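Please walk through the structure shown below.

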Amino acid sequence: MSAYAPSPGTKSPRRRRDASRRNYPLGYVIPALAVMLVFFIAPTVLNFFYAFTNWSSFHSNIDFAGLSNFSSLFQNGTLVADLRTTLIYAILVAIFQNLFGLALAVLLERDTAVNRILRAAFFVPVVMSALAVGYIFQALLKPEGALNGIIGTLVGHPVSIAWLGSTTWTLLVVTLIHAWKWVGLSMLIYLAGLKMINVDLLEAARIDGAGRWASFWRIRFPLLAPAVTFNVATALLGSLNSFDIVQATTEGGPGQSTELLNVFIFRTFGQGLFAQATTMSLVLFFTIAILAFPVIWLLRRRERVL
Amino acid sequence: MRTSRLTSTQWIQPIGAIAVAVVFLGVPFWLVVVTAGKSRAQALNPDLSLPTHWEFFQNLTQALSQGSMVAAFFGSLVILVSAVLLVLLLGSFASWILARRAGRGMAVLYAFSISGIILPPAIVTLVLVLKEIGLAGTILGMIGVYVGMYSSTVIFFVTGFVRTIPAELEEAARIDGAGPFTVFTRIVLPLLQPTLATATILICLYVWNDVFYALFVIGGRVNTLPLNLYQVASSGLYLNNWNLIFAYVILMTLPLLVTFIAAQRRIISGITSGAVK
């Protein structure tokens with residue numbers, strides 16, 4: 001008798017499949033999938049067609065236009081510039097959000113009353129609208145704004161740094177604003193990760209003579225790997241799709257130096273240049289899809305470990 | 001020696017932590033509150049000084065009445081409540097099947113259903129689809145867009161959770177003659193409560209604060225709080241009226257802030273439970 005033969009008590013595979021069909025009707029999947037199909041899948045599929053047309057509000061018929069949208073966006077430099085800006089933005093946001101999030105988690109780790117209040121306070125920006133956060137920082141960073149006022153008091157003479165007016169540094173400033181808004185979320189996830197670490201492990205390290213610094217970098221930080229994976233993946237992929245903070249602070253300026261793909265899409269859509277907008281939307285789709293593969297693979301592997 | 005080091009760190013840590021919070025949170029929030037209390041002239045160049053005389057409540061009432069905030073609030077509320085209820089309901093039904101049925105076809109279907117977690121919606125052609133089906137610029141269209149966008153999030157959370165519920169629990173009800181609908185609504189759905197709470201929090205946060213998709217789908221037709229804030233702050237009415245912009249920001253943030261403070265512990269444990277295990 002082969003080892004794979006069913007034992008007398010179990011149902012045959014076919015009967016089990018029939019029971020599964022009856023008990024778990026496929027029809028229950030249909031409403032959710034239908035809504036996804038109309039509002040998510042169909043536009044995504046259409047995007048692959050309309051990026052190759054001359055669709056705009058200036059003529060009524062839509063014709064095939066080949067690769068002309070891509071080539072014109074490539075030739076005037078917008079495609080490369082906006083893609084570069086978006087990637088730099090996402091990478092800087094991921095770095096800042098995780099660096100500051102981890103630092104805050106370590107700072108506020110002990111369960112004291114003060115720390116509990118401060119943790120909640122750092123979560124307030126997460127709850128706020130990103131647009132509102134953008135306007136707050138626009139006021140704070142104006143040349144005549146509050147930050148220059150504080151710096152002026154500290155150095156003893158008035159300063160008027162145009163924080164949002166530099167074609168080089170403003171991109172860095174807006175990523176710091178983005179990180180400020182979301183740092184509370186990273187902090188919470190790192191705090192949860194730190195809490196999962198076995199106390200005996202740290203005690204053993206202390207007995208072996210490891211100082212605070214060594215025990216953090218050698219023991220606690222490696223054990224935070226799942227939290228790092230989650231935080232980096234969500235920050236990186238999420239901020240590729242950003243819009244609000246940049247629109248509220250710089251609208252993509254100065255000189256398009258902070259123009260994210262979504263800012264371009266919104267601007268050109270408003271001008272009636274639908275084909276250009278949808279072409280850039282396709283570029284965004286591919287950028288995220290390509291970057292998502294390694295990220296999903298990492299998350300999947302983690303899921304199996306759990 | 002050990003005790004003396006402990007006492008010194010006991011003092012340094014809270015002082016350091018409070019200093020960090022004052023610089024990074026205190027300054028921006030102080031700016032919002034004092035500016036919202038100033039007159040228009042005094043708020044022209046927002047700084048950290050106190051208003052010469054407080055006009056806080058005048059500014060709040062002006063933001064409420066001028067910016068058509070009440071209509072925007074109800075627009076936001078209707079869209080939020082319908083989208084969240086619908087996406088949770090449809091997502092849960094689908095997740096149950098996706099979690100319980102095996103096979104290659106189901107795996108493909110599952111991968112397909114969670115694709116929206118990472119892939120961005122094609123917003124420009126989405127507007128085209130909405131025009132074709134007559135839902136462009138309508139509340140119904142906006143609700144459909146959010147349900148389509150966040151179905152993946154719900155399905156991802158709930159499917160993972162259903163897999164941890166033993167199928168034997170359903171078997172008992174089935175032996176008593178219950179059909180799939182009864183088994184799902186009576187046995188499975190009540191057990192999903194914690195994971196549905198987490199999904200609700202995340203989706204509420206995104207939908208309540210969304211301005212990007214709303215600008216394309218309902219901009220200029222239906223008002224929501226973020227859309228309204230965008231219009232008043234960027235297109236004339238409040239341009240450089242920082243006192244009114246910040247009064248608006250305060251009013252708009254209050255509902256979520258109150259919810260957050262009231263359900264703080266639950267929100268925090270809900271968000272972190274999914275991420276780190």
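Which residues are buried in helix 6 of chain A? They are A:A130, A:L131, A:A132, A:V133, A:G134, A:Y135, A:I136, A:F137, A:Q138, A:A139, A:L140 and A:L141. A residue counts as buried if 20 or more other C-beta atoms lie within 10 Å of its own, as exposed if 12 or fewer do, and as partly exposed in between, with C-beta atoms placed from the backbone. Since 12 of the 12 residues of helix 6 of chain A are buried, this helix is largely enclosed by the rest of the structure. Helix 6 (residues 130-141) of chain A reaches 16 Å from its first C-alpha to its last, close to the 16 Å expected at 1.5 Å a residue; the expected span is 1.5 Å times one less than the number of residues.

The model is predicted: local features need pLDDT of at least 70 and side-chain atom pairs count only at pLDDT 80 or more, while totals for chains, interfaces and linings use all residues. Residues are numbered from 1 along each chain as its sequence is written, and chains are lettered from A and ligands numbered from 1 in the order in which they are written.

Chain A as a whole has 14 helices and zero strands. Helices (H or I, at least four residues) and strands (E, at least two) are DSSP runs, numbered from the N terminus. Of the 306 residues of chain A, 41% count as buried. The radius of gyration of chain A, taken over C-alpha atoms, is 26 Å, whereas a compact globule of 306 residues would have a value near 19 Å; the globule rule is 2.2 Å times the number of residues to the power 0.38. Along the principal axes, the C-alpha atoms of chain A fill a box of roughly 90 × 75 × 30 Å.

The domain assignment of chain A gives domain 1 (13-50) and domain 2 (72-305), with bounds that come from an automatic or database assignment. The C-alpha centres of these two domains of chain A lie 35 Å apart. Within helix 13 (residues 261-270) of chain A sits A:G270. A:G270 is exposed, because 12 other C-beta atoms lie within 10 Å. From A:G270 to A:G211, 59 residues apart in sequence, the C-alpha distance is 58 Å.

For chain B, the assignment gives domain 1 (2-64) and domain 2 (69-239), and 37 Å separate their centres, taken over C-alpha atoms. B:I79 belongs to helix 3 of chain B. B:I79 is buried, because 23 other C-beta atoms lie within 10 Å. Leaving aside neighbours within four places in sequence, B:I79 is in contact with B:I139, B:M142, B:I143, B:V207 and B:T224; contact requires C-beta atoms, placed from the backbone, to lie within 7 Å. The C-alpha atoms of B:I79 and B:V147, 68 residues apart along the chain, are separated by 10 Å.

Finally, the two chains meet. The contact takes 72 residues from chain A and 72 residues from chain B. On the side of chain B that touches chain A, helix 1 (residues 2-36) of chain B gives the most, with 11 residues. That side of chain B divides into 53 nonpolar, 14 polar and five charged residues. Here Ala, Val, Leu, Ile, Met, Phe, Trp, Tyr, Cys and Pro count as nonpolar, Asp, Glu, Lys and Arg as charged, and the others, Gly among them, as polar.

Conventions: Two residues are in contact if their C-beta atoms, placed from the backbone, lie within 7 Å.
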